Amino acid sequence: RCQLSRPQRALQASAVLRRVSDEQKEPFSSSSQQQFDSHPTSHQPEQEPQGPRPSYTGQGGQESEDYESEEQLQHRILTAALEFVPEHGWTAEAIAEGAKTLGLSVAAAGMFHSDGSELILHFVSQCNTKLSELLEQEQKLVQLGEAEKKPTDQFLRDAVKARLRMLIPYIEKWPQALSILLLPHNIPSSLNLLTSMIDEIWHYAGDQSTDFNWYTRRAVLTGIYNTTELVMMQDSSPDFEDTWRFLENRVADAMNMSDRANQVQSTGEAVVQGLMGAAVTVSNAETSGVVR
Amino acid sequence: VYQVFESVAKKYDVMNDSMTLGIHRVWKDILMHKMNPSPGTLLLDVAGGTGDIAFRFINYVRSARERQLQRKLRHSQNLSWQEIAESYQEENFKPLGDSQVVVCDINKEMLKVGKQKAQHLGYSEGLSWVLGNAEELPFDDDKFDVYTIAFGIRNVTRIDLALQEAYRVLKPGGRFLCLEFSHVSNPLLSRLYDVYSFQVIPVLGEVIAGDWKSYQYLVESIRRFPPQEELKAMIEDAGFFKVDYQNLNLGIVAIHSGFKL
């Protein structure tokens with residue numbers, strides 16, 4: 001079967017979507033299309049679990065206004081579905097409602113796994129993209145001399161805080177999302193997203209310190225991020241003050257760990273001390289009934 | 001084809017059970033789970049004469065709706081008594097949540113048996129019975145959320161026309177689901193299956209329904225039916241996207257799914 005003939009056929013849904021957006025005069029649908037057009041590659045990695053799919057982007061360089069690939073439509077449905085997550089949770093129902101707002105049948109939710117995995121992965125990926133953009137902008141400001149370069153610990157604190165703040169609208173249903181992300185068939189994708197996010201943060205933080213090697217840096221920040229996320233789940237303080245204070249302490253610990261490693265003769269001892277601190281923190285977070 | 005089903009209609013269900021050793025119920029349940037319909041779905045079940053798929057759909061949607069209502073009540077903890085009372089009133093209650101299924105069959109007898117079954121089992125709302133031909137459906141464009149055809153498409157003379165009609169009556173985003181006997185690739189199972197099909201089934205047909213010829217026809221039509229990949233290509237030709245199939249029992253039966261995007 002010749003797959004090449006398929007891209008010529010414009011998706012009917014695109015025509016429907018245009019009609020819907022024309023009627024409502026929504027700037028939303030056109031701007032989201034631009035956003036996803038420029039990020040086709042960043043979405044490829046976590047789409048692997050769904051199986052092979054033809055790649056439409058770049059076919060003959062011709063992308064007329066009403067032409068879009070299945071993936072783009074799927075992204076649009078998932079983005080629309082996020083609005084319904086606070087009410088329905090990360091479920092096929094939220095996806096169905098999202099599809100309805102785009103003028104599609106609720107049966108379109110059948111395109112996705114029924115446990116809502118793709119919705120969560122899509123959201124995480126979107127957050128990571130937003131974080132990258134934020135860090136990129138900050139870096140530009142520094143390069144233009146309009147802002148000061150932050151010290152590493154403040155940079156890490158701000159980056160993790162900014163990323164975790166994106167969870168706030170969905171915080172009630174986020175524990176559910178975390179448990180779904182831990183399912184065996186989702187672990188490759190969720191782990192992939194996590195590590196690339198951590199890498200991005202370190203990339204923009206700039207590596208001045210030669211104390212840590214690359215793996216340790218990654219592991220340390222991943223530990224900080226995960227534990228802070230768990231603390232945030234059960235934090236009821238105003239605007240999550242407790243969480244940010246926890247974050248500050250963890251980042252400070254991590255910085256101290258590197259200093260101590262310089263001072264002390266045997267670095268092994270220092271690493272063990274650092275790990276003990278992390279273990280105590282994690283067990284504290286767990287015993288305070290984090291995961292509901 | 002019409003005469004085959006005229007004579008077969010009354011004994012259809014019994015024959016299904018004995019031929020497939022009751023497994024056809026599991027196949028249909030799997031189909032329903034794959035569909036995962038949410039309340040408010042409009043289903044068209046073609047060639048669904050005796051209503052097996054329709055009844056399963058109603059059951060599924062009913063329990064989904066119950067769960068939905070429970071969740072809504074749990075959320076709205078701060079309602080006044082009047083609001084709670086209102087939510088329990090009949091108009092708002094909607095046990096099926098506006099879901100509906102239209103059963104369409106070319107054969108009057110099959111529909112009659114289906115209607116009787118519905119009455120007997122207590123299914124009243126959300127069901128419609130329409131006489132129609134899969135190659136030329138008596139419905140408007142863009143009407144249905146899901147189109148199913150369970151063990152019916154191999155009896156259609158022009159499968160491509162049926163697929164085109166399915167495409168036409170589905171809403172954008174709608175789903176096409178086809179449950180049908182297909183090809184077994186495993187050689188050992190294939191031989192056992194052949195022996196069973198050609199030796200046992202027509203005999204059962206004669207004993208239970210008093211009709212050898214119809215069941216001979218049935219078994220032959222299964223062999224003549226295009227295999228999984230070919231059917232997938234035909235569905236794609238009709239305009240469906242994300243076409244995929246799932247083999248059940250190593251290929252004895254396959255569920256094909258496609259979306260109108």
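Colleague: Why is D199(A) called partly exposed?
Modeller: D199(A) has a relative accessibility of 24%. Buried means under 20% relative accessible area, exposed means over 50%, and partly exposed lies in between (1.4 Å probe, protein chains only). At 24%, D199(A) therefore counts as partly exposed.

Colleague: Before we go on, what kind of model is this, and how are things labelled?
Modeller: This is a predicted model, in which local features need pLDDT of at least 70 and side-chain atom pairs count only at pLDDT 80 or more, while totals for chains, interfaces and linings use all residues. Residues are numbered from 1 along each chain as its sequence is written, chains are lettered from A and ligands numbered from 1 in the order in which they are written, and side-chain values use heavy atoms, with hydrogens and water left out.

Colleague: Thanks! What makes R218(A) and D199(A) a salt bridge?
Modeller: The closest N and O atoms of R218(A) and D199(A) are 2.9 Å apart. A salt bridge asks for a side-chain nitrogen of Lys or Arg within 4 Å of a carboxyl oxygen of Asp or Glu, so the pair qualifies.

Colleague: Where do R218(A) and D199(A) lie in the chain?
Modeller: R218(A) is in helix 11 of chain A and D199(A) is in helix 10 (residues 187-205), 19 residues apart, so the pair links distant parts of the chain. Helices (H or I, at least four residues) and strands (E, at least two) are DSSP runs, numbered from the N terminus. R218(A) is partly exposed as well, with a relative accessible area of 23%.

Colleague: How do you know that R165(A) and D239(A) meet in a salt bridge?
Modeller: The N to O distance between their side chains is 2.6 Å, and the limit is 4 Å, so R165(A) and D239(A) pass. R165(A) is in helix 8 (residues 152-165), while D239(A) is in the loop between helix 11 (214-233) and helix 12 (241-263), 74 residues apart. R165(A) counts as partly exposed at 31% relative accessibility, and so does D239(A) at 47%.

Colleague: Which residues of chain B form a salt bridge, to take one example?
Modeller: D160(B) and R158(B) do, with their closest N and O atoms 3.0 Å apart. D160(B) has a relative accessible area of 31% and R158(B) has 41%, so each is partly exposed. Back in chain A, salt bridges with shared partners join E138(A), K150(A) and D158(A) into one network. Over all chains, the structure holds 17 salt bridges.

Colleague: Why is S117(A) called buried?
Modeller: S117(A) has a relative accessible area of 4%, which is under the 20% limit, so it counts as buried. S117(A) belongs to helix 7 (residues 117-143) of chain A. Apart from its neighbours within four places in sequence, S117(A) is in contact (heavy atoms within 4.5 Å) with I180(A), H185(A) and N186(A).

Colleague: How many helices and strands does chain A have?
Modeller: Chain A has 13 helices and 0 strands. Of its 292 residues, 44% are buried.

Colleague: And what makes the size of chain B agree with a compact globule?
Modeller: With 261 residues, a compact globule would have a radius of gyration near 18 Å, and chain B has 20 Å, which agrees. That radius is taken over C-alpha atoms, and the globule rule is 2.2 Å times the number of residues to the power 0.38. Chain B has 11 helices and 7 strands, and 52% of its residues count as buried.

Colleague: How many residues does each chain bring to the contact between chain B and chain A?
Modeller: Chain B brings 25 residues and chain A brings 28. The buried area, meaning the accessible area (1.4 Å probe) that two parts lose on being put together, summed over both, is about 2,100 Å². In chain B, F241(B), K242(B) and L261(B) lose the most area to chain A, together 30% of what that side buries.

Colleague: How many salt bridges are there between chain B and chain A?
Modeller: The count there is 0.
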